[in-house]
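Biologist: I would like to learn how to read a structure like this one. Can we go through it feature by feature?

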Amino acid sequence: MSKNVLVLSASFRKGGNSDVLCDEFIKGAKEAGHNVEKIHVNDYQINFCRGCGVCNNTHKCVQKDDMVKILDKMVNADVIVMGTPVYFYNMNGQMKTLIDRTVPRYEEISNKDFYFILAAADSSRANMERVLESFRGFTEDCLNNAHEKGIVYGTGAWQIGDIKGSPALKEAYEMGKNV
């Protein structure tokens, strides 16, 4: 059965290490017959959450930016892939801002499968656990019936292109193929 897969790539660098891993996941998912859409988070204007609380009652944000488009796509996806470079042992600010801005409709982001793609200069998977704790805080503690399906660890990738030749490329491809 074909699924709607939404890939959220938070890398500032198109063709950067986490973005390349997202592309490999996409390649596998498309070969398996799934519908895939990739969003470069940095291409969208997403303002910081102001914590005003209006959306708690209206389920609409008072800010007029691009987040409403992304939220629609998140609600309609079957599978959500969240790809981020790791900065100082956590997801980058673009991904965190996106997560913060899901508040108006986070209850509608339910019954989804989630994959996480991480790329970091550090060569230790253990040092990426903070990123996963943050993602899991969002998916496990805030969303209804979210299922973590896989993680790609792109370790030892500091400079653009360092991920090429890494076993993480094949892992991302296979994970996409097995959605």
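Biologist: Why does N47 count as partly exposed?

Modeller: First, the ground rules. This is a predicted model in which local features need pLDDT of at least 70 and side-chain atom pairs count only at pLDDT 80 or more, while totals for chains, interfaces and linings use all residues. Residues are numbered from 1 along each chain as its sequence is written, and side-chain values use heavy atoms, with hydrogens and water left out. Buried means under 20% relative accessible area, exposed over 50%, and partly exposed in between (1.4 Å probe, protein chains only). N47 counts as partly exposed because its relative accessibility is 24%.

Biologist: Where does N47 lie, and which residues is N47 in contact with?

Modeller: N47 lies in the loop between β2 (35–40) and α2 (55–58); helices (H or I, at least four residues) and strands (E, at least two) are DSSP runs, numbered from the N terminus. Contact means heavy atoms within 4.5 Å. Leaving aside neighbours within four places in sequence, N47 is in contact with Q63, D65, T97 and R101. N47 and Q63 are 16 residues apart along the chain, and their C-alpha atoms are separated by 7.7 Å.

Biologist: T97 is in α4; which residues of α4 are buried?

Modeller: M95, T97, L98 and I99 are buried. The buried residues of α4 pack against β1 (4–9), α3, β3, β4 and α5.

Biologist: How should I read the buried residues of a helix such as α5?

Modeller: An α-helix has 3.6 residues a turn, so residues three or four places apart point the same way. In α5 (residues 129–142), the buried residues are V131, L132, F135, F138 and T139. Their cover includes α3 (67–76), β3 (79–87), β4 (90–91), α4 (93–100), β5 (113–119) and β6 (147–154).

Biologist: What does the largest pocket look like in numbers?

Modeller: On a 1 Å grid over the protein atoms alone, a pocket is an open set of points where a 1.4 Å probe fits, with protein on both sides within 12 Å along at least five of seven lines; lining residues have an atom within 4 Å of a point. A volume is the space filled by probe spheres set on the points, which are joined across faces, edges and corners. The largest pocket holds about 420 Å³ of space. It has 18 lining residues, and the closest to its centre are V86, Y87, A120, A121 and W158. β3 gives the most to the lining, with 3 residues.

Biologist: Which residues line the second largest pocket?

Modeller: Among them are Q63, D65 and R101, which are also contacts of N47.

Terms used:
The expected span of a helix is 1.5 Å times one less than its number of residues.
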